[in-house]
Structures are given as structure tokens and as C-alpha cells.
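Hello,

Here is the structure I promised to hand over. Please open it alongside this email, and read on below for what turned up.

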Amino acid sequence: MERREFVAYMVAGGCAGMCVDLTLFPLDTIKTRLQSPQGFQKAGGFRGVYAGVPSAAVGSFPNAAAFFVTYEFTKSLLGTGGGLAAPQAAPVTHMMAASLGEVVACLIRVPTEVVKQRTQASPSSSTYNMLLATLREEGFRGLYRGYSSTVLREIPFSLVQFPLWEYLKTLWSRRQGHTLYSWQSAVCGAFAGAVAAFVTTPLDVAKTRIMLAKAGSSEAGGNIPRVLCNVWRSRGLPGLFAGCIPRMTFISVGGFIFLGAYEKVRCTLL
């Protein structure tokens with residue numbers, strides 16, 4: 001990867017992350033409160049839907065930049081030779097690149113997500129106070145509470161979203177006979193995001209429960225199957241898909257903005 005490409009992927013990814021996270025933050029807050037163990041109303045209802053936004057603002061640029069730099073680098077690396085260079089192996093290349101991208105991005109995403117979600121579920125507290133409370137009660141490790149569950153949610157999500165996005169772009173491009181415009185890439189991203197969001201909602205519920213659990217509780221241990229069983233026993237299938245509609249809406253619209261903005265900025269810089 002040339003330096004010019006590295007800068008283009010980093011800036012395009014960071015700008016796309018900022019655009020989508022700040023634009024759709026209220027929907028993300030509502031989704032978090034729907035999944036909260038204390039219930040939607042006790043978690044704040046529709047009040048203070050921008051609670052936790054400073055944490056999202058700080059983390060969104062480096063998080064998305066890290067993902068796309070890793071994603072594009074891995075794609076180019078795997079596509080230069082060997083069995084994965086064949087066109088029919090493209091979905092596997094995209095899956096592997098997206099998975100590695102998520103592992104790297106989550107190193108930045110999880111601390112900001114922990115602070116953000118706790119502030120969303122306790123709107124009377126500020127982002128700064130929640131950060132201090134987390135460090136005081138759980139130390140630095142508390143900021144990485146739910147790292148494994150986040151990675152285990154994001155990897156299946158990316159395994160669906162990015163190969164589907166790339167496939168839809170290739171299909172549409174072939175049919176019209178030229179490279180897609182950024183708005184067309186955005187439409188493909190919206191559809192791929194909605195499908196991936198629905199499939200991975202139970203994992204998102206588990207991740208939210210783990211991050212919001214009190215230190216020392218059974219759910220705070222991060223055992224995803226146990227958390228999902230608890231949700232199933234207490235709230236049944238609707239509990240496993242709690243927040244599904246705002247999540248699908250958020251990610252579908254987010255996919256449109258995120259991947260459309262990424263393509264537009266990347267093409268402009270390159």
C-alpha cells in the first residue's frame with residue numbers, strides 16, 4: 001500500500017465514521033435503552049438522547065480509520081497472489097479482511113462504547129463522570145469490558161455486510177457497464193447493513209447486557225451463551241431481538257452514509 005492510499009483510506013474511513021455516528025446517535029441511544037436490563041423507561045426513555053455523544057465523537061474517527069486501513073491493506077495483500085487472488089475467492093478475501101479490520105478497530109471502539117452506553121443508560125451522569133467512575137471502580141480493564149463480545153458481534157456482522165456489499169457493487173457495476181457512483185455504493189451499503197443488523201441482533205443484546213452489568217455480577221463475566229440464556233428465560237424471543245428495529249434502521253441508514261461517504265472521500269483523494 002502506497003502512502004497516498006494509506007492516507008486516503010484513513011481520512012475517508014475517519015470522515016465516514018464521524019458522519020454516521022454523530023448523525024444517527026439518538027437512534028443508537030434508543031436501541032441501547034431498549035436492550036438495558038433496567039428497561040427502556042428507567043434507562044431514560046426518550047430523554048437526553050444525546051447522552052454519551054462526546055465519547056462517540058472522540059472514538060468514531062480513529063475507530064473507522066483503523067478499520068478501513070486494515071480492511072483495504074488486507075484485501076490488497078490477499079489479492080496479490082495465491083488461491084485468494086481468483087475472482088471466485090473474493091468473498092473469502094472480503095470476509096478475512098473485514099474480520100481482521102474489526103479486531104483492530106475494536107481496540108479503539110470498545111472503551112468509547114463502554115463509556116457511551118453507560119452514559120446513555122444513565123443520562124443524569126456526564127461522559128467524563130462515567131469515565132472516571134469506570135476507572136475508579138474497575139480500573140483500565142473496565143474500559144475493555146465486553147471486548148470479546150463486541151468482537152464476536154462485529155465479526156459475524158462484517159462477514160455478512162462486507163462480502164454482500166462488495167457483491168452488490170460488482171453486480172450493479174456489471175449491469176450498467178461502468179464503476180458505481182458513490183450514491184450507488186451507499187444504496188448497496190444500506191441493504192447489506194440491514195441484513196447484517198437483523199442477523200446479529202442477539203449478539204448485540206448480549207454485548208449491551210455485558211457492558212451495562214454491575215461489576216462482579218454473573219453477566220459482567222462476559223459469558224455470551226449464559227447472557228443469551230438469561231435473556232431467553234426472562235424475555236423470550238422478543239428479548240433476544242430487543243432494539244432490532246432501531247438497530248436495523250440505524251445500521252441501514254448508517255450503511256448508506258458510512259459506505260457512501262467512504263467511497264466519495266476515497267475517490268476524491270485518489
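Predicted model: local features only at pLDDT ≥ 70, side-chain atom pairs only at ≥ 80, totals over all residues.

Ser185 sits in helix H7. Setting aside neighbours within four places in sequence, Ser185 is in contact with Trp165, Lys169, Leu180 and Glu263.

**The cores**

The largest nonpolar core has 28 residues. Phe67, Phe68, Tyr71, Phe162 and Phe258 have the most contacts inside it. Six helices are listed as giving two or more residues to this core: H1 (3-23), H3 (53-78), H4 (90-121), H6 (147-176), H7 (182-199) and H10 (244-269). H10 gives the most, with 6 residues.

**Phe67**

Phe67 belongs to helix H3. Its relative accessible area is 3%, so Phe67 is buried. Which residues does Phe67 touch, not counting those up to four places away in sequence? They are Ala98, Gly101, Glu102, Ala105, Ser158 and Phe162. For a sense of distance, take Pro238. Phe67 and Pro238 are 171 residues apart along the chain. Their C-alpha atoms are separated by 32 Å.

**H1 against H10**

Next, the helix pairs. The axes of H1 and H10 come within 8 Å. They cross at roughly 150°. That angle makes H1 roughly antiparallel to H10, because angles over 145 degrees count that way. The crossing is right-handed.

Here is who makes the contact:

- From H1: Arg4, Ala8, Tyr9, Val11, Ala12, Gly13, Ala16, Gly17, Cys19, Val20 and Thr23.
- From H10: Gly254, Ile257, Phe258, Ala261, Tyr262, Val265, Arg266 and Leu269.

By class, the contact of H1 with H10 has 13 nonpolar, 4 polar and 2 charged residues.

**H3 against H10**

H10 also packs with H3. The axes of H3 and H10 are 13 Å apart, at an angle of about 65°. H3 and H10 are therefore roughly perpendicular to each other. This crossing is right-handed. Ala64, Phe68 and Glu72 in H3 meet Phe258, Leu259, Tyr262 and Arg266 in H10. What is the make-up of the contact of H3 with H10 by class? There are 5 nonpolar, no polar and 2 charged residues.

**Glu72**

Glu72 lies in helix H3. With a relative accessible area of 10%, Glu72 is buried. Leaving out residues up to four places away in sequence, Glu72 touches Met1, Tyr9, Tyr262 and Arg266. Tyr262 and Arg266 are among the H10 residues that H3 meets. Tyr262 and Arg266 are also among the H10 residues in the contact with H1. Tyr9, from H1, is in that contact as well.

**If you look at one spot**

Phe258 is one of the residues with the most contacts inside the largest core. Phe258 is part of the H10 contact with H1, and of the H10 contact with H3.

Over to you.

Best wishes

How values were computed: Residues numbered from 1 in each chain as written. Heavy atoms only, no water. Core = buried A, V, L, I, M, F, W, Y, C linked by side-chain atoms within 4.5 Å. Buried < 20%, exposed > 50% of the residue type's maximum accessible area, 1.4 Å probe, protein only. Helix = DSSP H or I, 4+ residues; strand = E, 2+ residues; numbered from the N terminus. Axes fitted to C-alpha atoms, helices over the stretch in contact; angles between N-to-C directions. Parallel < 35°, antiparallel > 145°, perpendicular 65-115°, else oblique. Left-handed = near helix turned anticlockwise from the far one by under 90°. Contact = heavy atoms within 4.5 Å. Nonpolar A, V, L, I, M, F, W, Y, C, P; charged D, E, K, R; others polar.
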